[in-house]
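Colleague: I'm new to this one. Could you show it to me and let me ask where the labels come from?

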Amino acid sequence: MLIYMLATAMTVAMLIATVFGLQQEAERVRAKSNAKRFGGFGIRKPSRHF
């Protein structure tokens, strides 16, 4: 009976860790796409209108 309790606890812990990892990865991808969409206020390439 104890082994089943330990196996269940480890399964639940791994599921929680997986969900947390997926949430972090989704947040990282979301932040990356937002940074790509918004160029920021950095140096821009000069225009070639002479």
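Colleague: What makes Arg30 partly exposed?

Modeller: Its relative accessible area is 46%. Buried means under 20% and exposed means over 50%, with partly exposed in between (1.4 Å probe, protein chains only), so Arg30 counts as partly exposed. Bear in mind that this is a predicted model, where local features need pLDDT of at least 70, side-chain atom pairs count only at pLDDT 80 or more, and totals for chains, interfaces and linings use all residues. Residues are numbered from 1 along each chain as its sequence is written, and side-chain values use heavy atoms, with hydrogens and water left out.

Colleague: Why is the pair Glu27 and Arg30 called a salt bridge?

Modeller: The rule asks for a side-chain nitrogen of Lys or Arg within 4 Å of a carboxyl oxygen of Asp or Glu. For Glu27 and Arg30 the closest N and O atoms are 2.9 Å apart, so the pair passes that rule. Side chains of opposite charge can pair when their charged atoms come close.

Colleague: Where do Glu27 and Arg30 lie?

Modeller: Both are in helix 1, three residues apart, which is about one turn of the helix. Helices here are DSSP runs (H or I, at least four residues), strands are runs of E (at least two), and both are numbered from the N terminus. Glu27 is partly exposed too, at 39% relative accessible area.

Colleague: How many salt bridges are there by this rule?

Modeller: The count is two. Arg28 also forms one with Glu25, with the closest N and O atoms 2.6 Å apart. That pair sits in helix 1 as well, three residues apart. Glu25 has a relative accessible area of 39%, so Glu25 is partly exposed.

Colleague: What makes Met1, Leu2, Ile3, Tyr4, Met5 and Leu6 a patch?

Modeller: Patch residues need over 30% relative accessible area and no salt bridge; like charges are joined within 9 Å, and nonpolar side chains (Val, Leu, Ile, Met, Phe, Trp, Tyr) within 5 Å. These six form a nonpolar patch with about 790 Å² of accessible area together. Areas come from the Shrake-Rupley method with a 1.4 Å probe; for residues, only the protein chains shown count as cover.

Colleague: And what share of the protein's residues is buried?

Modeller: Of the 50 residues, 0% are buried. The protein has one helix and zero strands.
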